[in-house]
Amino acid sequence: AAPAAPAARLQALDLMRGLIMVVMAWDHTKDIFADKAWMPKHRGAEMWEGPFSSYDDDWWWFFARAVSNVCAPGFFVTMGMSMALLTVTRLGQGWTRANVAHHFFVRGAILLAVGRLVDPPFLLAPFVQVLKGMTIDNFHGTYSPDHPLAIVRDFFVGIFEVMTGLGLVMMTATVVLFPAYELYLWQTESEDRDHAAAQASLEAPLLEAQTDASSDAHVPLDLPGPRSTSSRSSPIKDALRRASLRMASSKSNISLPELFVYPVFIAVYAWSNIAIVQAQGDDFYLNRNATFPDAGYRASNAWQVLGRFFVYPGSLPSPLGSNSYPVIPWLAMTSLGIGLGFSLKRNADGTIRRLGRMGVLFLACFVLVRLFGGPVGNYRGLPRGDGQRDTDEVRVNKLLAFFITCKYPPSLAFFLLYVGIDLVVIYAFFRSQAVFPIANPRSWPSRTAQFLWDTCLIFGQVPLFFYVLHFWTLGPVSAIVAAVTPDSQYKVSLPACVLIWLTLLSMLRPACQRYGDFKRSTPKDSLWRYI
């Protein structure tokens, strides 16, 4: 098999996950503490139907939210890459495919469980407000003192978000993972055999020349006779042989696992897009709850529940709330990551170069899809007339509406924009590893850069631990402040949220560093390794 990429070079994936954690913490800090955090969503959502997000036609609120849209695609793509890398490593260490499948199933189940633990912090402060006799209206729903148990119910079954999607996709991604691995194994073994054969054939003339020279050494110098020179070595011949051997040793940029996942990605994504557009109809911008799959219609049987979790985001049977991350489109993103992960294991240098090019290509294609992609490429936004109708509550300027894309489920435009950004950032992290760590940083810019690099690395090595901890830090703090302030006026301005966010990160850094040290000290099959 091909040699594994050095572990240090794969720090880029940890850095990317760490950056995602930092940005995601900003989004949740804003949602919990900002005085206008829910208003743009109240005027619409990033959903496939219903009133669409307008962000009150405010660029600042758009950027405050849009910067976090890199997080979910980054989660799913890097998860696919990590699954491929772990599969190659563990199977090389003696695991069976059943062991690998079991590992991902258990980890997926843990993600599902964690998803039920991160909604309560969002609702702790509203719960305090309801107990104080206030009626609260936020993006989870409307809660009044007359029905206080409604908010307790939504603590655990209100909204099924990204952890649910990640868990279900991890459990199902093995249908793509193992066929891609077989192609990876066949290609790397074939390349190793070809390299060995090429090396043997190229070294044979050198051995023959050495044999001839050895034989000539026993011939007296004064005896005439024919002497073969056809195989004798020369500087030119040696240079040509070395160049030929390097060509035989080099790996093709054509990756069979990637060639396998691209059609899978296109087929799955295209099917999902067509299903959504057909369900939208002509009045997709209205709140609809008449029949399934209308987002507001509560799924009423097992098939409809499966539809909610796999294709159509929307309401689930009571007392459940809604699901936002259907498996099918996000599985397509994870499949792309799986292909890239196997390519990274096989030919790291070529794959790293390709990541940057793919990112730029995706960003260029985003512009083309917004201009010419029609409904299938653009569920919502300017190409579908959102924010431009006389009936829309807020009219949005066309340039801003151009960049507001549908996230639930992710449209092709959303995928191209935010996965493109993710790939460019991952490429930049890979390239930056030639600079970091900085030896003896003395100037404040170098010390700051090293500190930020280390912070992302610390968070990225324990992402699930960070994810749970940051929620259960923000939530209780907001509840305490809501309890002690008059009329529970604990909301603050957007700039003040930045200070809360930075304070949160500084508090979590040492905790995550200590947990990371502990995690690395445990056996590789320890349950602590899952967190």
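The exercises below, each with a worked solution, concern a predicted model.

**Exercise 1.** Find which residues make the nonpolar surface patch of about 420 Å², and decide whether F372 is buried or exposed.

*Solution.* Begin with the members of the patch, which are V367, L368, L371 and F372. Next, place F372 in the chain, where it belongs to helix α14, the run of residues 348-372. Finally, turn to accessibility: the relative accessible area of F372 is 67%, and because exposed means over 50%, this residue counts as exposed.

**Exercise 2.** Work out where E161 lies, which residues it touches beyond four places away in sequence, and how E161 is classed by accessibility.

*Solution.* First locate E161, which sits in the loop between β3 (159-160) and α8 (162-172). Then list its contacts: when residues up to four places away in sequence are not counted, E161 touches R116, S324 and Y325. Take Y325 as one of these partners, and compare two separations, for E161 and Y325 are 164 residues apart in sequence, while their C-alpha atoms are 5.9 Å apart in space.

**Exercise 3.** Describe the phi angles of Y55 and D57, locate Y55 and D57, and determine how Y55 and D57 are classed by accessibility.

*Solution.* Look at the angles to begin with: phi of Y55 is near 50°, a positive value in a residue other than glycine, and D57, which is not a glycine either, has a positive phi of about 55°. For the location, Y55 lies in the loop between α2 (39-42) and α3 (59-66), and D57 is likewise in the loop between α2 and α3. Now apply the cut-offs: with a relative accessible area of 5%, Y55 is buried, because buried means under 20%, whereas D57, with a relative accessible area of 31%, is partly exposed.

Key: Residues are numbered from 1 along each chain as its sequence is written. This is a predicted model: local features need pLDDT of at least 70, side-chain atom pairs count only at pLDDT 80 or more; totals for chains, interfaces and linings use all residues. Side-chain values use heavy atoms; hydrogens and water are left out. Patches are made of residues with over 30% relative accessible area and no salt bridge: like charges are joined within 9 Å, nonpolar side chains (Val, Leu, Ile, Met, Phe, Trp, Tyr) within 5 Å. Accessible areas come from the Shrake-Rupley method with a 1.4 Å probe; for residues, only the protein chains shown count as cover. A salt bridge is a side-chain nitrogen of Lys or Arg within 4 Å of a carboxyl oxygen of Asp or Glu. Helices (H or I, at least four residues) and strands (E, at least two) are DSSP runs, numbered from the N terminus. Buried means under 20% relative accessible area, exposed over 50%, partly exposed in between (1.4 Å probe, protein chains only). Contact means heavy atoms within 4.5 Å.
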